[in-house]
Amino acid sequence: MTQSETILEMRNISKAFPGVQALQDVSFECGRGEVHALVGENGSGKSTLVKVLNGAYAPDTGSILLDGHEVKVKDPKQGKGLGISTIYQEFELEPYLDVAENIFLGREPTNRLGLVDFRKMHSEAVRLLNEVGMHLDVRKWITDLSVSQQQMVEIAKALSFRAKVLVMDEPTSTLTDEETDRLFSIIRSLQGQGIAVVYISHRIKEVFEIADRVTVLRDGKVVGTEMIRNVDETALVKMMIGRTLDTIFPEKGEQGGEVVLSARHLSRKGAFDDISFDLQKGEILGLSGLVGSGRTEVARTLFGADRMDRGEILLDGRAVKIRSPRDAVSFGLGLVPENRREEGLVICLSVQKNTVLAVLERMGRFLFRNPRRERDITVQLVSSLDIKCPSCDCEVGLLSGGNQQKVVLSKWLSAPPKVIMFDEPTRGIDVGAKAEIHILMRTLANKGAGILMISSELPEVLGMSDRILVMREGRLVGDFSAQEATEQKVMAAATGVMQ
Amino acid sequence: MGTASSESLSRVRHPSSVDLGAIIRQYGSYIGLALLVIVASLLSPAFLSTTNVFLILRQAAALGIIAEGQTFVILTGGIDLTVGSILSLSVVLVTSLYKYNDIRLVPLLLLVIGIGALIGVINGGAVAWLGVPPIVMTLGMMTLIQGAGLMYDKGVPQNTLTDTFRFLGEGKIWIVPIPVLVWAVVIGISAVLLYRTNFGSFVYAVGGNPKATRLSGVNVKLVMVLVYVVSGALAAIAGYVLAARMGVGDNWVGQTYALDSIACVAIGGTSLFGGRGGVGTTVAGVLLLSVLYNLLLLLGVSYFWQEVVKGLIIIGGVTLYTRRT
C-alpha cells in the first residue's frame with residue numbers, strides 16, 4: 001500500500017464524562033485510501049472516539065483536521081456533510097422504504113416541478129452501488145434484505161454523501177464468512193477510490209486481513225499505532241490488555257459447595273449453542289467474552305425472560321421449567337440486568353417502590369400493601385447497602401449510577417435469593433461504588449448464594465471470580481479456575497486467537 | 001458501546017432540589033379547580049347555591065365513575081376507548097331487561113358489570129398477549145360494541161321510567177344524590193385499589209417501565225388485563241346510574257364519554273404515557289370540566305364556546321404538566 005497523504009487527523013483529543021475520563025490526549029490519523037483499524041477492550045474509548053469524530057460528542061480539548069483544514073463538527077449531520085460517515089452495528093435504515101429511498105432520504109433528487117424524481121433516484125442508487133461492486137435491486141424494501149445487503153446500502157449511503165472517511169463499527173459481527181469476504185472486496189474498492197476507512201473490530205484475525213495500520217486504545221489512551229506488517233496477533237493482544245492489576249478485590253471464598261444451578265445444553269438459534277455449566281453455592285462464576293458473544297442472552301434465558309429452543313435447567317439437582325421471570329423469582333433467582341435504567345428500575349418511581357417491587361409478589365399477590373413493612377425493608381436495605389439518597393421516597397432517577405445499581409440489587413435482597421445473576425454490574429459506575437458493589441457480591445456469595453457475573457472488564461472478571469467461563473459467538477470456549485486464569489488466556493479465548 | 005455515555009447523558013440533578021414538575025402535576029388540578037370555583041362564584045351569584053352544586057355533581061357522576069376506571073388504564077400507559085360504548089350498552093340492557101320488575105335491579109347490575117368486565121378481559125387480553133396497541137384494540141371494540149347495542153334494540157329506545165328508577169337516579173340519601181354517592185364510593189374503592197394494594201403498586205410500575213417490572217417477577221400481563229376489567233366494569237356501573245336518571249335506553253348516550261374521560265384524566269395531571277398520576281386528580285379534572293360547563297351555562301354562553309374552552313384547558317393543562325424544570 002503506497003503511503004498516501006493524510007486525510008484525517010485527530011490531535012490530542014480528550015473527553016471526560018462525570019466520573020470518568022473517556023479519552024485522554026488521543027491522537028489518531030488516517031491516510032487517503034487507508035484502512036486503519038481501531039482496537040481495544042470494551043470501555044477503552046473506541047466508541048467515544050468515533051462519536052467525537054462524527055460530531056455526536058464535542059471534545060473537551062484537541063482538534064480534528066480534515067484534508068489539512070481544522071474542522072469543528074457540530075453534529076453528525078454536519079459531519080456527514082463534511083465527509084465523515086459512520087456505519088454503526090445497528091443500521092440507521094428505514095425498513096419499509098426501498099434501497100434508493102433510504103440512500104437519498106431527505107435529499108431526494110427532484111424534477112422541475114419540485115416532485116421527487118424516482119427514476120433519477122433509482123438510477124443514481126444503482127450507479128453508487130456498482131461503483132464499488134455491489135449489486136442490489138434498488139426497489140427492494142430494506143426489511144426484505146439480508147443484513148449484509150443492508151450494510152451495502154449503508155455504504156452506498158455514505159458514498160452518496162461523498163464520504164472521505166468511512167467509520168465502520170464492528171461491521172462483521174453479524175456476517176457470515178462469505179459475506180465478510182464480500183465486504184472486504186467492497187472495502188478494497190473504496191480504498192481504490194481514495195476513501196479512508198476507520199475499521200473498529202474485536203476480531204483480530206480480520207484486522208490482520210483487511211487493515212493497513214492498527215491503533216490500540218486502552219483506558220482512553222493510545223497504547224500504540226503500528227503498521228500491520230510490523231505486529232503479530234499475540235503482540236496486539238498484549239497491547240490491548242497489558243496493565244497492572246492495582247485494583248483491590250475482596251478476598252475470594254472457600255470452594256466446594258453444592259451445585260445450586262445447572263445449565264444443560266442450552267441452545268437458542270442465533271443466540272447461543274450447547275451451553276452447559278454448574279454454579280455452586282457460595283461461588284462467583286465469571287462469564288466473560290466479547291460484546292455479542294451471547295452472555296446476556298444466556299442469563300436472560302436462565303431467568304425466564306427469553307425462551308430456549310433446547311436445554312434443561314436444574315435447581316438444587318431438580319429439573320425446573322422457567323417460562324417467565326415470575327417463575328425464576330419464585331425459584332429464588334434474581335437478575336441485575338445490563339441496562340439499569342431501562343431494565344432494572346422504574347425510573348419515575350421512588351427508591352422504596354423499586355426496592356419492594358420484587359418482594360410484593362412474595363408478600364401475597366394483589367393483596368393489601370403493608371406500607372410499614374415496605375418502609376422497614378427499604379430503610380434496612382438502604383442502610384446495609386449504603387445507598388445515598390435524601391429519603392426513601394426520592395425518585396430513583398435522580399440517584400447516581402452507583403446508587404441506582406445498589407437499588408437494583410436491593411430488590412433481590414429482602415429475601416435472600418439462591419442465585420443472583422449480574423450483567424455488567426459495575427459498568428458506568430465510579431471507582432468507589434464499584435468497590436462497594438464488589439464487596440456486596442462477595443458477601444452474598446459467602447452467605448451461600450450462587451453468583452453468575454457477566455463482565456467485560458477483565459480485571460473485574462479475574463479479581464472477583466472463583467471460576468471463569470468464556471463465551472465466543474454463542475459457544476462456551478473456555479473454563480478456567482481462578483488459579484489458572486490469566487488475562488491473556490481469557491482474552492485469547494474470547495477473541496479466538498490461538499496461543 | 002459507550003460505557004460512560006449513558007451516565008453523562010442522564011440529567012444530573014441534585015437529589016434534594018425541589019421537583020417543580022411533580023408538584024405541579026400533583027396539585028395543579030386542585031389549585032386550578034379552586035381558582036375556577038372562586039371565579040365562578042364571583043361571576044355568577046347562583047353558582048354556589050346548594051341546588052346548583054348538587055346539580056353539577058349529579059351530572060358529573062357518570063363521567064366521574066368512568067374517568068376513575070380510565071385512570072387505571074392510562075396509568076399503565078394504555079387507553080380505553082370502549083368506555084362510552086360499554087356505557088351505552090349498559091343503559092340499553094338495563095332499560096330493556098328491567099321490564100318494571102324491581103327484583104331484577106340487582107341482578108341487572110351484576111349482569112352489566114359482568115359484561116363490562118368481560119369486554120375488559122378481551123381488551124386487556126389482546127393488548128397483553130397479542131401485543132395489539134391499546135388505542136387500536138379499544139377503537140375497534142368501541143365500534144363493535146356500539147354495533148352490538150344497535151343490533152340488540154334495533155335502534156328503538158326503551159322507555160322504562162318507574163318510581164324505583166326515579167329514586168335511584170334523582171333521589172337523595174340525606175341531601176346527597178344517589179349517583180353522587182355511587183361516585184363517591186367508586187372514588188373510595190379506586191383509591192384503596194390504587195394506593196393500598198400491591199395491584200396498585202404494580203399498575204404504576206407497569207406504566208413506568210414494563211420491561212423492568214417484568215424482570216422483577218411481576219405478572220405484567222395480568223396487571224394489564226385487570227386495568228381494562230376495572231375500566232369496563234366501572235363504565236357499566238356508570239351506565240346503570242345513567243339509565244336510572246334517564247329512564248330511556250338511548251344507544252348513543254355514551255358517545256362523548258370516552259374522549260371526555262381521557263380529557264379529565266389528562267387535565268388532572270396523570271401522564272398519558274403511564275407511571276405518573278392518580279385517581280384523586282382525575283376527580284379534580286372531572287370537576288374542573290363540570291364546573292366550567294355549568295358556569296358557561298349560568299352565564300348564558302353558547303354551547304360552542306364550551307367545547308372551545310374545554311379544548312383550551314386540555315391543551316393548557318397538559319402543556320403545563322409536560323414542562324420539566
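Predicted model: local features only at pLDDT ≥ 70, side-chain atom pairs only at ≥ 80, totals over all residues.
In which order do the four strands of the open sheet in chain A stand, and in what sense do they pair? The strands follow the order β2-β1-β4-β5, and their pairing is antiparallel; strands, like helices, are DSSP runs numbered from the N terminus, with at least two residues (E) for a strand and at least four residues (H or I) for a helix, and two strands pair if DSSP finds at least two bridges between them. At the edges of this sheet of chain A stand β2 (20-31) and β5 (69-71), and because each has a single partner strand, one side of each is left without a neighbour in the sheet. On average, neighbouring strands of this sheet are turned by 25 degrees against each other, direction ignored.

Residues are numbered from 1 along each chain as its sequence is written, and chains are lettered from A and ligands numbered from 1 in the order in which they are written.

Strand β4 of chain A, residues 61-66, pairs with β5(A) in the antiparallel sense over three bridges, and A:Leu65 has A:Glu70 of β5(A) opposite it. In a regular strand the side chains alternate between the two faces of the sheet.

Chain A as a whole contains 18 helices and 20 strands. Its radius of gyration, taken over C-alpha atoms, is 25 Å, close to the 23 Å that the globule rule gives for 499 residues, so chain A is as compact as a globular protein of that length; the globule rule is 2.2 Å times the number of residues to the power 0.38. Along the principal axes, the C-alpha atoms of chain A fill a box of roughly 70 × 55 × 45 Å. Of its 499 residues, 50% count as buried, a term for residues with 20 or more other C-beta atoms within 10 Å of their own, whereas 12 or fewer make a residue exposed and numbers in between make it partly exposed, with the C-beta atoms placed from the backbone.

A second open sheet of four strands in chain A has the order β12-β11-β14-β15, again with antiparallel pairing. In this sheet β12 and β15 (318-320) of chain A stand at the edges, each with a single partner strand, so one side of each is left without a neighbour. From one strand to the next the twist averages 20 degrees. Helix α9 of chain A, residues 295-302, packs on the sheet and touches β11, β12 and β14 (310-315) of chain A, its direction making about 115 degrees with that of β11(A); such angles run from 0 to 180 degrees between N-to-C directions, and axes are lines fitted to C-alpha atoms, for helices over the stretch in contact. Two residues are in contact if their C-beta atoms, placed from the backbone, lie within 7 Å.

Within this second sheet, strand β11 (residues 259-268) and strand β12 (residues 272-280) of chain A pair in the antiparallel sense over six bridges. A:Val259 has A:Gln280 in β12(A) as its bridge partner, and A:Leu266 stands opposite A:Ile275 in β12(A). The two strands β11(A) and β12(A) form a hairpin with three residues between them, and in the turn A:Gly270 has a positive phi of about 85 degrees.

A loop of chain A also deserves a look. A:Gly133 is found in the loop between α4 (118-131) and α5 (147-160) of chain A, and because A:Gly133 has 13 C-beta neighbours inside 10 Å, this residue counts as partly exposed. Leaving aside residues up to four places away in sequence, A:Gly133 touches A:Ser185, A:Ile186 and A:Ser189.

Chain B, in turn, has 14 helices and two strands. For its 325 residues a compact globule would have a radius of gyration near 20 Å, and the 21 Å of chain B agrees with this. In chain B, the axes of helix α12 (residues 257-268) and helix α13 (residues 279-298) come within 7 Å and cross at roughly 115 degrees. The helices α12(B) and α13(B) are therefore roughly perpendicular to each other, a term for angles of 65 to 115 degrees, while angles under 35 count as roughly parallel, over 145 as roughly antiparallel and the rest as oblique.
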